[in-house]
Amino acid sequence: MIIRPVRFDHPDAVKLNDEVQAEYAVRYGDGGDATHVDPAHFMPPVGLYLIAYDGQDRPVATGGWRSQDTSDEGYLDGDAEIKRMYVTPAARGLGLARRILTELETDARAAGRTRMVLETGTKQPEAVALYASSGYEPCAKFGYYRFHELSLCFAKPL
């Protein structure tokens with residue numbers, strides 16, 4: 001597997017984003033994640049978006065981070081927010097999410113971010129397990145879904 005930085009609006013990123021949104025819709029019975037996301041949010045040095053490609057150069061996993069600072073949505077100065085972590089069903093169990101997460105943390109730290117934060121949901125137990133085993137701990141809710149009962153928020157110092 002090869003992990004490459006790409007723009008959030010790259011065709012492979014759009015394809016995987018559509019897939020993760022469809023999965024969210026099935027799991028939560030809604031239209032997917034309604035959080036506003038702009039491709040500029042993931043442009044270095046204020047963010048990064050990664051895609052893992054398999055041996056046939058097919059996109060199979062994705063994830064990004066974007067800078068956040070103190071806001072009325074509960075972010076703190078120095079936050080780096082994880083967005084759009086996803087692994088296609090055929091590539092699950094290969095450790096790709098953990099590899100992408102590690103690269104995102106390393107990049108955010110190098111960009112001067114001090115805390116990695118993420119929001120997931122109660123209907124994503126595999127995501128919760130990944131983050132817990134990677135040192136993330138529950139934190140005060142933030143972001144678009146901060147008042148939603150199925151929302152879970154986690155943080156890890158960088």
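I began with the lining of the largest cavity, whose residues divide into 4 nonpolar, 2 polar and 3 charged. The model is a predicted one, and I kept that in mind throughout. The residues in question are Thr35, Tyr75, Glu81, Lys83, Glu119, Phe142, Gly143, Tyr144 and Tyr145, and the space they line comes to about 50 Å³. When I searched the whole structure, I found 1 cavity of 30 Å³ or more.

Next I looked up the largest pocket, which has a volume of about 750 Å³. Its lining has 35 residues, and I noted that Tyr24, Met85, Thr120, Gln124 and Ala127 lie nearest the centre. By type, the lining holds 17 nonpolar, 8 polar and 10 charged residues. Which element gives the most to this lining? I found that β4 does, with 6 residues, while α1, α2, β5 and α3 are among the elements that each supply at least two.

I then turned to α2, which runs over residues 96-110 and reaches 21 Å from its first C-alpha to its last, close to the 21 Å expected for its 15 residues. Which residues of α2 are buried? I listed Leu96, Ile100, Leu101, Leu104, Glu105 and Ala108. They cover an arc of only 165° around the axis, and therefore they sit on the same side of α2. I reminded myself that an α-helix has 3.6 residues a turn, so residues three or four places apart point the same way. Last, I checked just after α2, where Gly112 takes a positive phi of about 90°.

Note on methods:
Residues are numbered from 1 along each chain as its sequence is written. This is a predicted model: local features need pLDDT of at least 70, side-chain atom pairs count only at pLDDT 80 or more; totals for chains, interfaces and linings use all residues. Side-chain values use heavy atoms; hydrogens and water are left out. Helices (H or I, at least four residues) and strands (E, at least two) are DSSP runs, numbered from the N terminus. The expected span of a helix is 1.5 Å times one less than its number of residues. Buried means under 20% relative accessible area, exposed over 50%, partly exposed in between (1.4 Å probe, protein chains only). The arc is that of the directions from the helix axis to the C-beta atoms. On a 1 Å grid over the protein atoms alone, a cavity is a set of points where a 1.4 Å probe fits but cannot get out, and a pocket is an open set with protein on both sides within 12 Å along at least five of seven lines; lining residues have an atom within 4 Å of a point. Grid points are joined across faces, edges and corners, and a volume is the space filled by probe spheres set on the points. Ala, Val, Leu, Ile, Met, Phe, Trp, Tyr, Cys and Pro count as nonpolar, Asp, Glu, Lys and Arg as charged, and the others, Gly among them, as polar.
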